[in-house]
Amino acid sequence: MVAEWMQKLLILQDRDARRDSVQAQIDRIPSEMAKERARIDEIQSALEERRRGLKAMEARRLDLEGEVAGVEETIVKYKTQQMQVKKNEEYAALEKEIENQKARVSELEDMELQLMEAIEVEQEALKEALESGQAEVATLEAHLERLEKNLQSSKEELGDAVRAVEACEAELEAGVLQQYHYVKRQIKRPPVVVALKDGRCLGCHLKVSGDVESTARRGTELVRCDSCGRILYFERS
């Protein structure tokens, strides 16, 4: 058994740990939510980029159609001029130009055909990317919803935990409470209050001085480990 004041201090430590745990969870959730939102934005941006790319390909196909139409109009114009010329050299020159324009039409049509095939491949790829992306976004949004619920639940739990800590603190002497908070700020990791066993602090596992051990055994006043500074208690069987 330990002294009543020490029992109250141990209860405070337990409730304090619960409050800190809930607070840590609350502190983590916003960063988790931000990470999920960033991933959603990343997916949507990637899909939008692919949509723009596909639109650019389709726009280029229309441009090629327009170029073909323009070259074909030129061919018609040259043929009309052929019918009006009287000299053989002029006729031959127009014939050569017509052949050049026909070659250009063939070149443009080949480019258009290749582009149409590429568009078809990209349309299928975009369809698959949309299905995959939308499925992942739905999963991420569901996780965000759970995180939001957890955040609200944790905030309510934190209120209960804070009130429990305050109730414990109200039962402790001001000096003891002051020492507890001081030690908590100084040590790198909990617990703040630890048992003394076989002359060793169970916080740092180092042997304490004889004076510290004897004071802890009496259990009438607060005593701290002379190595790590934690508050010690001696539990009698």
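**A pocket, some salt bridges and a helix**

Visitor: By class, what does the lining of the largest pocket have?
Guide: The lining has 6 nonpolar, 1 polar and 5 charged residues. Ala, Val, Leu, Ile, Met, Phe, Trp, Tyr, Cys and Pro count as nonpolar, Asp, Glu, Lys and Arg as charged, and the others, Gly among them, as polar.

Visitor: Before going on, what kind of model is this?
Guide: It is a predicted model, in which local features need pLDDT of at least 70 and side-chain atom pairs count only at pLDDT 80 or more, while totals for chains, interfaces and linings use all residues. Residues are numbered from 1 along each chain as its sequence is written, and side-chain values use heavy atoms, with hydrogens and water left out.

Visitor: Back to the pocket. How much space lies in it?
Guide: About 160 Å³. A pocket is an open set of points on a 1 Å grid over the protein atoms alone, where a 1.4 Å probe fits, with protein on both sides within 12 Å along at least five of seven lines; lining residues have an atom within 4 Å of a point. The volume is the space filled by probe spheres set on the points, which are joined across faces, edges and corners.

Visitor: Which residues line the largest pocket?
Guide: Among them are Gln-13, Asp-16, Ala-17, Asp-20, Tyr-180 and Lys-184, and also Pro-190, Pro-191 and Val-192. Helix 1 (4–82) and helix 3 (174–186) are the elements that give two or more residues to this lining. Helices (H or I, at least four residues) and strands (E, at least two) are DSSP runs, numbered from the N terminus.

Visitor: Which element gives the largest share?
Guide: Helix 1, with 4 residues.

Visitor: New topic. How many salt bridges does the structure hold?
Guide: The structure holds 19. A salt bridge is a side-chain nitrogen of Lys or Arg within 4 Å of a carboxyl oxygen of Asp or Glu.

Visitor: What does Asp-20 meet in a salt bridge?
Guide: The side chain of Lys-184, at 2.7 Å, N to O. Asp-20 lies in helix 1 and Lys-184 in helix 3, so the pair ties together parts that are 164 residues apart in sequence. Asp-16, Arg-19, Asp-20 and Lys-184 are linked in a network of salt bridges.

Visitor: Now helix 4. Which of its residues are buried?
Guide: In helix 4 (residues 210–218), the buried residues are Val-212, Glu-213, Thr-215 and Ala-216. They cover an arc of only 165 degrees around the axis, so they sit on the same side of helix 4. The arc is that of the directions from the helix axis to the C-beta atoms.

Visitor: What covers them?
Guide: The cover includes strand 1 (193–197), strand 3 (223–224) and strand 4 (231–233); contact means heavy atoms within 4.5 Å.

Visitor: Which residues are exposed on the other side?
Guide: Gly-210 and Asp-211 are exposed there. Just after helix 4, Gly-219 takes a positive phi of about 70 degrees.

Terms used. Buried < 20%, exposed > 50% of the residue type's maximum accessible area, 1.4 Å probe, protein only.
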